[in-house]
Amino acid sequence: MDWLPALWFILIAVLWCGYLFLEGFDLGVGMLIGLGRNTEKRKRVLLNTIGPVWDGNEVWLLTAGGATFAAFPHWYASLFSALYIPLTLVLVALIFRAVSIEYRGKAKTARSLKLWDAALGYGSLVAAFGVGAMLALTTLGLPLNENGDRVGGPFAWLTGYAVLGGVAVVAFCWIHALAFVRLKTDGPVRERAGTLFTRWLPLAVLPLMAWVLIVLLENDSAVGWALLAVAALALVVSIATARAGREGVSFIALGLMLATGVAAIFTAVFPVVLPSTLDPAFNLTIYNASSSPYTLKLMSIVAAFGVPLVLAYQSWSYWVFRKRVKEEHIPEAHHPEPIVK
């Protein structure tokens with residue numbers, strides 16, 4: 001079944017797109033809480049917008065990594081060994097972020113509260129940057145030899161492309177979070193998010209669009225260029241509707257821009273899953289990096305049942321927690337002991 005590697009390449013691209021869309025606003029809200037200037041009550045409003053869904057959104061990252069490991073073990077081995085340092089930093093950042101979400105409400109002193117906020121803000125920032133750097137290098141190349149091993153020191157991965165991808169995902173997460181906060185809150189928090197969103201949207205997506213453009217220039221693809229045109233049109237719609245106060249349409253258009261941009265990248269690099277900057281002959285493709293046909297067939301059967309189930313329960317959770325959060329919904333913080341100034 002020669003079409004199975006292509007199918008799983010598409011599925012992994014969809015998983016990464018879903019992760020960037022769903023976890024994108026999670027990470028962005030974390031940055032708004034930990035690195036922004038807000039009162040404690042407004043921070044709790046922001047935290048409550050993602051409180052019921054943030055851990056479910058991380059399922060997309062785990063599934064993308066697991067699918068890569070199972071469907072394309074050589075891709076997984078080369079990528080994760082070459083990027084051992086940044087991926088470790090991403091893992092540590094995600095741990096700090098998760099713990100801070102659970103524990104900031106238990107802080108008994110102002111100092112400990114600031115520490116948890118910093119853990120949330122910088123954990124979200126580092127995680128977003130690391131994921132962006134990894135995806136950029138996956139599509140633009142690493143110095144790999146004929147065995148798929150990295151050539152160079154432990155920081156050979158730290159290139160301009162890695163920085164571009166990291167900045168692109170960080171900026172998108174931040175602006176995506178503002179669009180999400182406009183939908184999920186009311187009052188001053190919503191107004192502030194709307195002002196920032198309409199002001200910074202064109203600039204915030206520039207690194208992401210530059211990334212897509214570079215990939216297309218290096219891997220000419222007619223379909224990829226068409227998808228980039230759709231992404232540009234979706235961006236124009238998002239900007240126009242944001243200024244008109246149509247928050248839902250603007251949010252959906254921004255998501256469409258992301259989806260078509262990611263689709264353009266993966267379409268352009270197909271069938272290469274990890275290009276080598278040393279010699280194109282060393283590229284890993286869906287054919288020389290994939291598992292056996294039997295493994296891919298079995299995975300496809302499981303995915304046919306598992307993917308709809310995940311989509312169903314996540315859609316249900318978003319429906320249940322669809323209402324807006326206001327400052328008056330947030331009770332006063334209760335501490336066993338008074339906060340020490």
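How many of the 25 residues of H8 are buried? The legends below take this helix first and then turn to other views. The model is predicted, with local features needing pLDDT of at least 70 and side-chain atom pairs counting only at pLDDT 80 or more, while totals for chains, interfaces and linings use all residues. Residues are numbered from 1 along each chain as its sequence is written, and side-chain values use heavy atoms, with hydrogens and water left out.

**View 1. Helix H8, residues 160–184.** In H8, 19 of the 25 residues are buried (under 20% relative accessible area, with exposed over 50% and partly exposed in between; 1.4 Å probe, protein chains only), so this helix is largely enclosed by the rest of the structure. Helices here are DSSP runs of H or I with at least four residues, strands are runs of E with at least two, and both are numbered from the N terminus. From its first C-alpha to its last, H8 reaches 36 Å, close to the 36 Å expected at 1.5 Å a residue, where the expected span is 1.5 Å times one less than the number of residues.

**View 2. Arg97 in helix H6, residues 84–103.** Arg97 is buried, its relative accessible area being 0%. Leaving aside residues up to four places away in sequence, Arg97 touches (heavy atoms within 4.5 Å) several residues, among them Glu23, Asp26, Trp54, Glu58 and Ser124.

**View 3. The cysteines Cys17 and Cys173.** A search of the whole structure finds 0 disulfides (pairs of cysteine sulfur atoms within 2.5 Å). The sulfur of Cys17 lies 12 Å from the closest cysteine sulfur, that of Cys173, which is too far for a bond. Cys17 is buried at a relative accessible area of 17%, and Cys173 also counts as buried, at 1% relative accessibility.

**View 4. The lining of the largest cavity.** Residues that line this cavity include Trp16, Leu135, Thr138, Trp211 and Phe266, and the elements giving two or more residues to the lining are helices H1 (3–35), H7 (110–140), H10 (206–218) and H12 (247–269). By class, the lining has 8 nonpolar, 2 polar and no charged residues, with Ala, Val, Leu, Ile, Met, Phe, Trp, Tyr, Cys and Pro counted as nonpolar, Asp, Glu, Lys and Arg as charged, and the others, Gly among them, as polar. A cavity is a set of points on a 1 Å grid over the protein atoms alone where a 1.4 Å probe fits but cannot get out, and lining residues have an atom within 4 Å of a point.

Technical notes:
1 Å grid on protein atoms, 1.4 Å probe; cavity = no way out; pocket = protein on both sides within 12 Å on 5 of 7 lines; lining within 4 Å.
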